[in-house]
Amino acid sequence: MKEQKLGIGAARASGVLLHISSLPSPFGIGDLGPASHAFADFLARSGQSCWQVLPLVPVSRAFGNSPYMSDSAFAGNPLLISPELLVRDGWLRQEELPPLPGEFSEYLVNFEAVTAWKEQVLERAWQNFLRSRNEERQEALFAELTAQHFWLRNYSLFVALKRHFNQQGWFDWPEELRLRQPEAIAAAERQFQPDIRRCQFEQHLFFSQWQELHGKAAANGVQIIGDLPIYVALDSADVWADQDIFMLSPKTGRPTHVAGVPPDYFSKTGQLWGNPLYKWHSRTPGVKERLLDWWEQRLRAVLAVVDVIRIDHFRGFEAYWAVPAKEETAMNGGWQKGPGLRFFKEMEKRLSSLPVIAEDLGVITPEVEELRDGMAFPGMKILLFAFDGRPENAYLPHNMPRNCIVYTGTHDNDTAVGWYLSGEVAATAKRQAKSYANRSDDEVARFHEDMISLAMSSPASLCILPMQDVLGFGNDCRMNTPGTASGNWRWRCAPRFISDALAERLRQTTELFGRLPAVPEKDTKEA
């Protein structure tokens, strides 16, 4: 079977999963400043080739601060802007930073407090920008930004209108704005220009700082793996700006059908996500072409900021569960065919290359596997899913193909230590895991190290380790528990844990299993 080239370089490689918000910083949330650059150095010292992050998009209280449900599929998260870099770059003086609201926790993000404080920081940077640039220079910057980012004009207007309408959903705005009538849009752009410009300025700061970090990682030989959810939120600039490519009622702007998954072992009523669905099979002239153009723009924009894309809910491209919007559960939905192989072939043709990891977890059909393999995309293997007593379990290392990515766990799962301590995990599964690692004890102390060794030793071409498993942390450090509405996305890694000793241990393990980055050949030619 052919393999998708992810551009990682080594035949066997490894990396770490740690979102930017989980990094240390004095300001209550990880950001794009010194600690993120230090982590890129840590990865290089520990022999890692990849750094996987979650979506970099804005988060909000309305969506539980989830990076998988945002008001934009393209914008960057202003909470990740580094105050230290704002000072370094002259947007703020050190004394202009607002007083911190008490001591921010090293271990958990308080999104409400962080958002309020960062709003003050960004407002002061914005005012300094206005004072330091004449109107001509300001307009030149904004013209350049909107030319670089096709989505920015719509997004910044969306943010301004949301503020004006007290965060009311766009589908409840006055009809002329909901339907994006040109005269109303032009009038709104004039009326709310200061708010629009400030939003655009924040995006300028975010992407400037991100590109610097991305460059630092690249200089260290570290590829960044980004994350792309298949669906976008209903109350987003994406749906508002391109309503004709989604299954919406033309009268109300609300979905006719929404996304979810059918009932299964874990949920008797399925999962009702509520995202609007794409019009993959529209018969209206031009709609399918505009949908393909939108996806090309989306993939191109993501690949401009990361090196590899993990596509969340990949199976939705083969077939997706469509639920009538009036339903209160996902039980009465039905499978609809997705765009399939033709879609990915078209995107590959337009983009030249498509470095994608397929999130193919859950109940996966042969048709999904055929789609994945037809593009030679590597799928995901989660080690903690392996121990159900069946030697043919696809997640056991001896059953893994080379063209896959092995994880001990993901942001949605127990940590390795949390799994072993969990009362919800069968004792037989724990014994099997221990036995597979050639252990006869029932101690938890080195369980995460055993799981790391199993993952690293597997045939998988790439091994990704959540930082919590590298550190041997329990479920109090879990990033997300699906199906829960609060307490997620908050974990932070205190700076003392990202140590030289940890880097050395991780490097030794990486070297033991042949996953160190390839060493460039030296130029032997004489000068």
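Start by selecting lysine 434, which is buried at 5% relative accessibility (buried means under 20% relative accessible area, exposed over 50%, partly exposed in between, with a 1.4 Å probe and protein chains only). The side chains of lysine 434 and aspartate 441 form a salt bridge, 2.7 Å from N to O; the term means a side-chain nitrogen of Lys or Arg within 4 Å of a carboxyl oxygen of Asp or Glu.

A word on what you are viewing: this is a predicted model, where local features need pLDDT of at least 70 and side-chain atom pairs count only at pLDDT 80 or more, while totals for chains, interfaces and linings use all residues. Residues are numbered from 1 along each chain as its sequence is written, and side-chain values use heavy atoms, leaving out hydrogens and water.

Next, pick arginine 153 and glutamate 189, whose closest N and O atoms are 2.6 Å apart in a salt bridge. Arginine 153 sits in helix α5 (residues 152–164) and glutamate 189 in helix α7 (residues 182–191), so this pair ties together parts 36 residues apart in sequence. Helices here are DSSP runs of H or I with at least four residues, numbered from the N terminus.

Then move to glutamate 96 and arginine 93, a salt bridge with its closest N and O atoms 3.6 Å apart. Glutamate 96 is buried at 13% relative accessible area, whereas arginine 93 is partly exposed at 47%.

To finish, how many salt bridges does a search of the whole structure find? The search finds 32.

Notes: Helices (H or I, at least four residues) and strands (E, at least two) are DSSP runs, numbered from the N terminus.
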